[in-house]
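Hello,

Please find the structure below. My notes follow it.

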Amino acid sequence: MKVAVIGYAVSNLEWDAEKTREETVFEVAKSALENAGVSREDVGTVISASTDFLDGRTISNCMLIGGGGAYLKDESKAEEDGMYAALYAAQRLMAGVHDIALAVSHTHSWIFNPHQVSQYMLEPWFDRQNDLINGITLAALQARMYMEKHGVDELDLAEVCVKNLRNAAKVPYALRKLHDITVEEILESEMFSDPLTELMIAPPCDGAAAVVLASENVAEEICENPVWIKGIGNSCDNYLRDRDLAKLNSLEIAARKAYRMAGIEEPFREVDVAEITERFAHQELMAYEALSFCREGKGRVLIEEGMTEVYGDMPVNPSGGALAGDPICATGMIRLIEAAKQIRGEAENQVDGCRTALAHAQWGLCAQKNLVFILGDEP
Amino acid sequence: MGVVRYEGLPFVARFRWNTGKIMEKFYGGFAERQILAAKCENCGYTVVPPRVICPKCSSKMNENNLVKLDGRGVVLSYTVVRKKLDGKGGFVTLDKPEVIAAVKLNGADSMIFAKIGDVDVEDIKSGMEVVPVWAEKPEGRLSDLLYFRPG
């Protein structure tokens with residue numbers, strides 16, 4: 001059974017949104033259904049993505065069921081990125097249980113600092129007892145390990161930020177829109193944990209996203225230009241003490257699975273655009289390698305030569321990526337939506353002749369878990 | 001534009017976890033200024049702090065798998081922390097930056113994350129050898145291991 005994305009919506013990404021979580025989710029769910037041209041009654045299953053820890057309430061989906069139009073439907077939840085909600089929904093459609101699914105995701109970071117919450121992902125008896133260890137300081141350790149291994153410097157990291165934040169300037173909903181930002185300004189922004197400065201760290205914010213998926217039974221009837229899911233790959237690495245932090249092994253495995261399913265042999269040539277979740281600048285370079293856009297250790301060459309600019313040979317994050325705004329659970333789902341927009345020719349920074357797009361979501365400390373979707377314009 | 005905000009009730013979650021036998025021994029070893037790891041009999045992977053399931057091959061391990069490490073290690077990566085979280089979601093700028101490092105202890109395959117002290121932040125380098133600094137009177141608690149220093 002083939003599955004397609006037939007509708008989507010993204011909320012404004014902002015800090016301290018003057019809207020309740022339920023309102024935000026309601027608005028994106030409604031907009032996505034309108035975008036798809038279906039009604040709430042047509043939807044068979046609704047999957048939401050939010051996390052109890054970030055939301056400050058247990059069973060954080062319970063109050064999103066109304067907003068997501070899920071009452072009396074086959075409802076469930078993914079406690080991580082919204083792209084996992086889309087995966088869950090796609091699997092339900094592939095199983096032939098439903099024909100139309102809605103996946104919604106949100107995080108309101110204003111509620112409580114997600115970086116503080118990252119400490120609760122640590123093993124409690126040793127790592128969590130060290131008050132200096134959190135998502136940012138661990139990412140800094142990962143950055144230095146990767147950079148020293150492959151001769152990457154702070155300028156390369158800053159180039160990633162400049163590319164993404166300039167791209168974001170054209171994206172209406174983005175949080176950090178900095179069309180004239182320079183490498184110097186990135187390097188001179190406040191140092192958090194070296195080598196990571198403030199602008200190299202994805203800014204947690206408030207936001208929501210929704211996608212409507214349809215099975216091949218109905219997708220073409222309902223939608224003029226469905227975007228087909230051609231490949232899916234998911235992989236979770238060891239706990240961070242037992243991983244090689246200088247390499248995104250689980251992303252490499254996830255990508256390999258997704259490429260195989262989509263019949264892609266040469267990613268650099270066959271993938272027209274990639275939308276990835278780079279929570280920290282160095283992770284974008286690491287992802288180039290894990291996604292086989294270049295050989296291991298050569299990620300910096302792609303950024304130095306401008307290959308991942310919108311006009312480059314392998315555009316990455318024309319939407320600005322996570323560095324332009326990180327509504328945690330919605331961030332990966334927004335990558336999926338931006339990848340779908342590229343195939344439909346609707347993106348703000350449109351890549352010419354885009355027929356195959358890659359979307360990536362991550363979860364966990366130092367990108368422990370990774371999910372890759374390959375989208376295409378044909379079933 | 002003011003909106004009404006609801007502040008959570010004062011609620012502090014001081015969770016208490018059973019550490020399990022193997023971690024009990026690990027903490028106990030600190031009383032003798034000793035760091036214990038678990039060596040998997042099946043695949044040979046040595047993990048510190050010790051675990052009851054081998055992270056590489058998922059074999060079951062117990063106290064019989066414990067081995068003593070000499071405590072020395074090598075810095076694999078480090079970061080100078082300028083902003084610390086205050087436990088309530090706020091960032092605090094440190095007057096005196098602190099250093100944490102990913103350290104590979106001799107004889108272990110996994111790494112640990114530890115504070116590094118007795119060193120100028122400019123002098124710390126990857127590949128530097130470090131040794132543990134213990135509390136004056138160790139009592140078999142996690143707090144006995146103060147930090148690592150070059151040595």
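**Chain B: strands and hairpin**

Lys39(B) stands opposite Thr46(B), a residue of S2(B). Strands, like helices, are DSSP runs numbered from the N terminus: at least two residues of E for a strand, at least four of H or I for a helix.

Before the rest, two points on conventions. Residues are numbered from 1 along each chain as its sequence is written, while chains are lettered from A and ligands numbered from 1 in the order in which they are written. The model is predicted: local features need pLDDT of at least 70, side-chain atom pairs count only at pLDDT 80 or more, and totals for chains, interfaces and linings use all residues.

Back to the hairpin. S1(B) and S2(B) form it, with 6 residues between them. Gly44(B) sits in the turn and has a positive phi of about 85°. S2(B) covers residues 46-47 and runs antiparallel to S1(B), joined by 2 bridges. Pairing of two strands requires at least two bridges found by DSSP.

S1(B) is mostly covered, with 4 of its 5 residues buried. Buried means that 20 or more other C-beta atoms lie within 10 Å of the residue's own; exposed means 12 or fewer, partly exposed is in between, and C-beta atoms are placed from the backbone.

**Chain B as a whole**

Chain B has 1 helix and 8 strands. Along the sequence the pattern is α-β-β-β-β-β-β-β-β. The radius of gyration of chain B is 19 Å, well over the 15 Å that the globule rule gives for 151 residues, so chain B is more spread out than a compact globule. That radius is taken over C-alpha atoms, and the rule is 2.2 Å times the number of residues to the power 0.38.

The C-alpha atoms of chain B fill a box of roughly 65 × 40 × 35 Å along the principal axes. Of its 151 residues, 30% count as buried. Among contacts in chain B with a separation of 6 or more, 50% come from residues 24 or more positions apart. A contact means C-beta atoms, placed from the backbone, within 7 Å.

**Chain A: two domains**

Chain A is divided into domain 1 (3-113 + 204-222) and domain 2 (124-201 + 229-379). The bounds come from an automatic or database domain assignment. The domain centres, over C-alpha atoms, are 23 Å apart. Their contact takes 33 residues from domain 1 and 26 residues from domain 2.

H4(A) gives the most, with 6 residues. This side divides into 18 nonpolar, 10 polar and 5 charged residues. Here Ala, Val, Leu, Ile, Met, Phe, Trp, Tyr, Cys and Pro count as nonpolar, Asp, Glu, Lys and Arg as charged, and the others, Gly among them, as polar.

**Chain A: strand S2**

Where does S2(A), residues 45-49, lie? It is largely enclosed by the rest of the structure, because 5 of its 5 residues are buried. Thr45(A), Ile47(A) and Ala49(A) cover one side, Val46(A) and Ser48(A) the other, and all are buried.

S2(A) pairs in the parallel sense with S3(A), residues 74-78, over 5 bridges. Ser48(A) has Lys77(A) as its bridge partner there. S2(A) also runs parallel to S4(A), joined by 5 bridges. In S4(A), Ala103(A) is the bridge partner of Ile47(A).

Best wishes

Methods:
Contact = placed C-beta atoms within 7 Å.
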